[in-house]
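Reader: Hey, I'm new to this one. Can you walk me through it?

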Amino acid sequence: MEDLVNLGKTFVEAMQARRGIAQVDDIYAENAQSIEAVVPPGRDVRIAKGREAIKAKRQDWAAAHDIHKLEADGPYVHPPNRFSVLYEAEVKRRATGDMLHLREIAIYTIERGKITREEFFMMPK
């Protein structure tokens with residue numbers, strides 16, 4: 001369980017420091033999947049397959065938004081191989097100027113010390 005907790009803490013600290021893109025190569029498995037609750041605006045799929053696709057998804061999101069606040073709370077562990085993070089963010093869509101308040105929970109599955117799956121659960125309006 002110690003490895004799970006340490007990986008979760010490292011992950012959350014990187015997200016809090018806004019190093020979410022930089023950490024992908026170190027912490028995600030090559031064949032990892034990122035699964036959104038719905039198809040995100042500006043994208044045509046819910047599932048990003050592979051480390052490079054996950055990085056591209058994060059880069060697209062960062063390029064489309066001005067982040068005013070980003071909080072990552074956790075990790076909340078579920079041994080032997082999962083942890084979750086509660087996210088809250090205030091962002092402005094660059095294309096429209098709309099301000100958004102976002103809250104979601106993500107569950108991360110770990111295999112052989114790497115994230116193999118992340119699933120995002122959104123707060124309905």
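Reader: Let's start with E1 and E6. In which sense do they pair, parallel or antiparallel?
Author: E1 and E6 pair in the parallel sense, over four bridges. Keep in mind that this is a predicted model.

Reader: What holds strands together in a sheet, in general?
Author: Strands of a sheet pair through backbone hydrogen bonds, and the pairing can be parallel or antiparallel.

Reader: OK, zoom out. What's the order of the strands in the sheet?
Author: Six strands make an open sheet, in the order E2-E1-E6-E5-E4-E3, and the pairing is mixed. The edges are strand E2 (47–49) and strand E3 (65–78), each of which pairs on one side only. From one strand to the next, the twist averages 20°.

Reader: Which strands does H1 lie across?
Author: H1 lies across E1, E3, E4, E5 and E6, and runs at about 170° to E3. Helix H3 (residues 51–64) packs on the sheet as well, touching E1, E2, E3, E4, E5 and E6. The direction of H3 makes about 50° with that of E1.

Reader: Now the inside. How many residues are in the largest nonpolar core?
Author: The largest nonpolar core has 20 residues. Those with the most contacts inside this core are Phe-11, Tyr-28, Phe-83, Val-85, Tyr-87, Tyr-108 and Ile-115. At least two core residues come from each of helix H1 (2–16), helix H2 (24–27), strand E1 (28–35), strand E4 (82–93), strand E5 (99–111) and strand E6 (114–122).

Reader: Which of those gives the largest share?
Author: H1 does, with five residues.

Reader: Tell me about Tyr-28. What is it in contact with, leaving aside its neighbours in sequence?
Author: Leaving out neighbours within four places in sequence, Tyr-28 is in contact with Phe-11, Arg-51, Ile-54, Arg-58, Tyr-108, Lys-114, Ile-115 and Glu-118.

Reader: There are some rings in that list. How many aromatic pairs does the count come to?
Author: The count comes to three aromatic pairs. In one of them, the rings of Phe-11 and Tyr-108 have their centres 4.5 Å apart and their planes at 55°, so this pair is tilted. Phe-11 lies in helix H1 and Tyr-108 in strand E5, so the pair ties together parts that are 97 residues apart in sequence.

Reader: Are those two buried or exposed?
Author: Phe-11 and Tyr-108 are both buried. Ring pairs also link Phe-11, Phe-83 and Tyr-108 into a cluster.

Reader: What does Thr-116 touch, not counting residues up to four places away?
Author: With those left out, Thr-116 touches Ala-29, Asn-31, Ala-32, Gln-33, Thr-109, Ile-110 and Glu-111.

Reader: Where do they lie?
Author: Arg-18 lies in the loop between H1 and H2, while Arg-112 is found in the loop between E5 and E6.

Reader: How exposed is each one?
Author: Arg-18 is partly exposed, with a relative accessible area of 47%. Arg-112 has 78% relative accessibility, so Arg-112 counts as exposed.

Definitions and conventions: Residues are numbered from 1 along each chain as its sequence is written. This is a predicted model: local features need pLDDT of at least 70, side-chain atom pairs count only at pLDDT 80 or more; totals for chains, interfaces and linings use all residues. Side-chain values use heavy atoms; hydrogens and water are left out. A nonpolar core is a set of buried Ala, Val, Leu, Ile, Met, Phe, Trp, Tyr and Cys residues joined through side-chain atoms within 4.5 Å. Buried means under 20% relative accessible area, exposed over 50%, partly exposed in between (1.4 Å probe, protein chains only). Contact means heavy atoms within 4.5 Å. Rings of Phe, Tyr and Trp (its six-membered ring) pair if their centres lie within 6.5 Å; planes under 30 degrees apart count as stacked, over 60 as edge-to-face and the rest as tilted. Two strands pair if DSSP finds at least two bridges between them. Axes are lines fitted to C-alpha atoms, for helices over the stretch in contact, and angles run from 0 to 180 degrees between N-to-C directions.
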